[in-house]
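Please read the following briefing beside the sequence and the model.

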Amino acid sequence: MSVLVETSKGELVIDLFATESPIASMNFLKLCKLKQYNDCKFFSVQKDFAVQTGDPSNTGEGGKSIYSFLSRDETDGKEESEHFGRFFKDEIHVDKEQNVRLKHDHIGTVSCANFGREDTNQSQFLITTRDCVPDLDGKHTIFGRVMEGLDVLQRINEAYCDENGRPWQNIRIKRTTVLDDPFEDPEGMPKAPDESPLVDRSVPDDRLEDDFDAEAAQEMDEIELEKKSREQEARSRAVVLEMIGDLPDVDAKPPDESLFVCKLNPVTTDEDLEIIFSRFGKVTSCDVIRDRRTGDSLCYAFINFETKEMCEAAYFKMDNALIDDRRIHVDFSQSMHGLWKNFRKFGKKGGTEDDMANAANAKRGGGRSDWKSNNKTLEVKGGGSGRGYQYQTHHHPNNNNNNNN
């Protein structure tokens, strides 16, 4: 009866006391089987005393037992017992002289964490980091012991922590593997997932993540550290913008083929800009932004090219150029307007320009639309560590046949 627990500091092998504490042992085994411990933090490290983990909410206030996952239909006609609900009862055994049989007298002793009251055991558990911790005896149900990986436990014990015992660098349970399970799955238990549950790490955290390499960071020069710091700050801001509805997705980014042009002369038209900028490559769209009521130019525009290279060439050549007696300013577009339109209409999977043209025609009552389709699909494209909304060209066989004819 043992479980392999892989942490960001190394591996632990925990042997369970299935005979002495069958309820707690089965609770731990089945939660491991359902991958409920994956990505849980060691949120409390009390040096040379005990470490605590097992809360999926990573707050120290969450967690529920395996019995809460069971179907309530199984309790029909029965009294509520320790086998159902968020908590389960203690298994603290005493002899005739009222002495506790199982004690926290070895380093690596594993016991249930509770909320300071009897019978409030759930998913959280403690691991002692010294040989004798009598303060825990008789208060916490012991159900196992770390048999391999005491050096890993010591590394967790030596983590740098704040005054509340919370590590400055997150230490997480990566995954758990059940090596031996003597218990049959109880009726109503969900099927074990093939993959770990999705974990949302987008919430800003004031701690270093478990994969942060402190030694590598010390070797970085000031420029690299500043770049990494700005990237982290930008992502935190993007998370906030997504939460308040200003971004369609935290990893969304403007198309690389789009330019922003400002300081235009009010007389400059879309056609003028398209002719001027087309010397750098094919312009797929050119829009001077106008007042929706008066139609007057707002003196800025967005220009989209077919490729990123064309866009970059135009940026380097046209910034501060003279057009209609005005020195214009050119920069890469940071506007998310086009992405928002697509996102609201079609969701994150994207939609084709034909779909958007049909939507525009329907909105205009079937009249002529200025939308032109080049068989492009606006969609979320995976790349690197994030996702970017980009254009992807799809050549449809029907169109090729028409061209051949």
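Which residue in strand 11 does Val288 stand opposite? Val288 stands opposite Ala301 in strand 11. This is a predicted model, in which local features need pLDDT of at least 70 and side-chain atom pairs count only at pLDDT 80 or more, while totals for chains, interfaces and linings use all residues. Residues are numbered from 1 along each chain as its sequence is written, and side-chain values use heavy atoms, with hydrogens and water left out.

**Sheet**
- An open sheet is formed by 4 strands in the order 10-11-9-14, with antiparallel pairing; strands (E, at least two residues) and helices (H or I, at least four) are DSSP runs numbered from the N terminus, and two strands pair if DSSP finds at least two bridges between them.
- Strand 10 (283-290) and strand 14 (329-332) stand at the edges with a single partner strand each, so one side of each is left without a neighbour in the sheet.
- From one strand to the next, the twist averages 20°, where axes are lines fitted to C-alpha atoms (for helices over the stretch in contact) and angles run from 0 to 180 degrees between N-to-C directions.
- Strand 10 pairs with strand 11 (residues 297-305) in the antiparallel sense over 6 bridges.

**Helices on the sheet**
- Helix 5 (residues 270-277) lies across strand 9 (258-262), strand 10, strand 11 and strand 14, and runs at about 145° to strand 10; contact means heavy atoms within 4.5 Å.
- Helix 6 (residues 308-318) lies across strand 9, strand 11 and strand 14, running at about 150° to strand 14.

**Cavities**
- There are 2 cavities of 30 Å³ or more, a cavity being a set of points on a 1 Å grid over the protein atoms alone where a 1.4 Å probe fits but cannot get out, with lining residues having an atom within 4 Å of a point.
- The largest cavity holds about 70 Å³ of space, the volume being the space filled by probe spheres set on the grid points, which are joined across faces, edges and corners.
- Residues lining the largest cavity include Glu91, His93, Asp137 and His140.
- The second largest cavity holds about 40 Å³, and its lining includes Phe28, Tyr37, Cys112 and Phe143, with helix 1 (residues 22-33) giving the most, 3 residues.

**Aromatic pairs**
- The whole structure has 11 aromatic pairs, counted where ring centres of Phe, Tyr and Trp (its six-membered ring) lie within 6.5 Å, with planes under 30 degrees apart taken as stacked, over 60 as edge-to-face and the rest as tilted.
- Tyr67 and Phe88 form an edge-to-face pair, 5.9 Å centre to centre with 75° between the planes.

Terms used
1 Å grid on protein atoms, 1.4 Å probe; cavity = no way out; pocket = protein on both sides within 12 Å on 5 of 7 lines; lining within 4 Å.
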